[in-house]
Amino acid sequence: MHPMIERPVRLVAYLGVAAMFGVLLALLVQAIAPGSLRGALALCLPLALVYGFQCLSVWYPVRQLPSSRAGAPQLVLLLTLASFASAAIWTAAGHLWAAALAASAGFTDLPARFAIALPLFFVVGVFLFVLATLVHFLFVVVERSRDAERRGLEREVHAREAELKSLKAQLDPHFLFNSLNSVSALIGSDPPAARRMCYLMAGFFRKSLGLGQKEQIALSEEIYLAETYLAIEEVRFGARLQARFHVAEATLTFAVPPLVLQPLIENAVHHGIAHLVEGGEVTIAAARVGEHLELVIENPCDPDRPASRGAGVGLANVRARIEALFGHRARIDVEALPESYRVRLLLPALPAA
Amino acid sequence: MKPMRVLIVDDEDLARAVLRELLAAHPEVEIVGEAANGFAAVKLAEELAPDLLFLDIQMPKLSGFEVMELLGEKVAVIFVTAYDEFALKAFDVHAVDYLLKPVEPARLGEAIERAAARLAQDQARPSGVAIRPSAVAVAAAAQPPGRPIERVLIREEGRVHVLPLGKIDFIEAKDDYLSFAVAGKRLLKQQTMGELEAQLDGSRFVRVHRSYLLNIERLARLELYAKDSWIAILADGTRIPVSRTGHARLKELLG
């Protein structure tokens, strides 16, 4: 919807300004080609109002303009041509209107007066068209900046929501119950191992609960969390689960969103290793690739595994979070083969605060 | 009284260990075996014929519900899992009980009492009249709700075949059995055509004849054989009879 027509107050004000220009124009005509003032007004007022409407149409092309400065010379040329065309159409309309007024309202000298003032009409037409374009351009700029602001706010809200969800996902109750079952088993057969398991669980929950509130953490903290989590799951799965870390020393101080790896590692265990009778190895790699921090989680999987419930929630969550936080500066690629599954995260390589 | 013979099925060593330890306090129970996955569970259950299964649900290859489907009416089941969301399904398939991990000794005791009562009840009944669920109920419980099945489980000569639907060419009814045609071979399963048809995705498998369900992807062409009777010719050249209703169903599906 056109911003002028959207609100009646604006339209009335706009037409008021147009009428004012009409009066001015009539006075100019009176100065160049003297005659009756009523005749000049009868000629100029309606023409100014009509031109006001004509100039409103420039909104639609202006709105389509790209926001960058690229192609500015072409735009100026285009604007000039458009203003000439617009002024020519208007002048032609003025010619017809003057003839009509002469025939019906008795202003018989109007066609002659109009012929004298014709260059004036053309120049004013060009000037008003350019003015209208600038005003509309201003409108578009304001609207775009408001839009950008709103989108920024929306993105922030999404990021917060995703963070909340990730916090919930990370407190997977089944992980807790299964771990407690392992502790219960170890208390009978291997008390020192049971005690070690308690330390690991305390470490994992203390860390993950604390990290949820932060905006970013060092990769080293995320890796510590992954190691602890996998150590707990190794107790549960026994020889079926092995974990291997290839973390480049230099990447440990890079910033990552908290718990960005955790859902992916849970997936690797639950949808990968847990479906394999013989188990397998989860590998976690971190490296610097150009301007990016590359994180790769890979696991083997069973080609005949049933379509798993709940798969993809963790992945979708991570995707939403990094998109909200980094936009196009981050990427997530998934390579799902029959017998292996690989997730690759590319984040901007930034030092942790 | 003879002790109850039980089989423990769980993919985690520690989960089996804790059950073993807790069951040691129950002289009325004798552990006859342990299995770490669904295939092993089915095999052992056939060999050992236990009275009762302690069955985990989330396991590699076959889920606990799928194990139950394969074993049919032979054995009473107590599910043991960290997930509480399968409890309703477990009731649907008449599981004796549903224990949550970590298992509490007192709760385990109750479950064993229930199992003993159920077994006594079964023995008092004339043989052949079981209160066990039908294969359909168990197969349905093994699937996510509202979704057609994605694979068919067949037990034959001690082996378990997991057939993804895409590998099945067609299914033929033979007396009480269904014969699954898979790459030129046949596998038999005791089930009725109606039961299976209800479980399958109707846009992939079409009942082309009273005795035939056809994987629509295998159909190469149709030939008119006689009035109101056609022959479906499959990609590998196999010929299958198509009835008038079957033909109508095919036409509706293929347009």
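Q: Two strands pair if DSSP finds at least two bridges between them. What makes strand S8 (residues 170-174) and strand S9 (residues 177-182) of chain B a pair?
A: Five bridges join S8(B) to S9(B), and the requirement is at least two, so they pair. The two strands run antiparallel, and one of the bridges links Ala173(B) with Leu178(B) in S9(B). The model is a predicted one, in which local features need pLDDT of at least 70, side-chain atom pairs count only at pLDDT 80 or more, and totals for chains, interfaces and linings use all residues. Residues are numbered from 1 along each chain as its sequence is written, while chains are lettered from A and ligands numbered from 1 in the order in which they are written.

Q: How do you know that S9(B) also pairs with strand S10 (residues 185-190) of chain B?
A: Six bridges connect S9(B) and S10(B) in the antiparallel sense. Ser179(B) has Leu188(B) in S10(B) as its bridge partner.

Q: What lies between the strands in these hairpins, and which residues there have a positive phi?
A: Two residues separate S8(B) from S9(B), and Asp175(B) takes a positive phi near 50° in that hairpin. The hairpin of S9(B) and S10(B) also has two residues between its strands, with a positive phi of about 45° at Ala183(B) in the turn.

Q: Which residues bring H7(A) and H1(B) into contact, and of what class are they?
A: Contact requires C-beta atoms, placed from the backbone, within 7 Å. Among the residues that meet are Asn181(A), Ala185(A) and Leu186(A) from H7(A), and Leu14(B), Val18(B) and Glu21(B) from H1(B). By class there are six nonpolar, five polar and one charged residues. Glu21(B) is in this contact and Glu counts as charged.

Q: What makes up the contact between helix H3 (residues 37-56) and helix H5 (residues 72-104) of chain A?
A: The axes come within 10 Å and cross at roughly 145°. Residues of H3(A), including Leu43(A), Pro46(A) and Tyr51(A), meet residues of H5(A), including Trp90(A), Ala93(A) and Trp97(A). The contact divides into eleven nonpolar, three polar and no charged residues.

Methods
Axes fitted to C-alpha atoms, helices over the stretch in contact; angles between N-to-C directions. Helix = DSSP H or I, 4+ residues; strand = E, 2+ residues; numbered from the N terminus. Contact = placed C-beta atoms within 7 Å.
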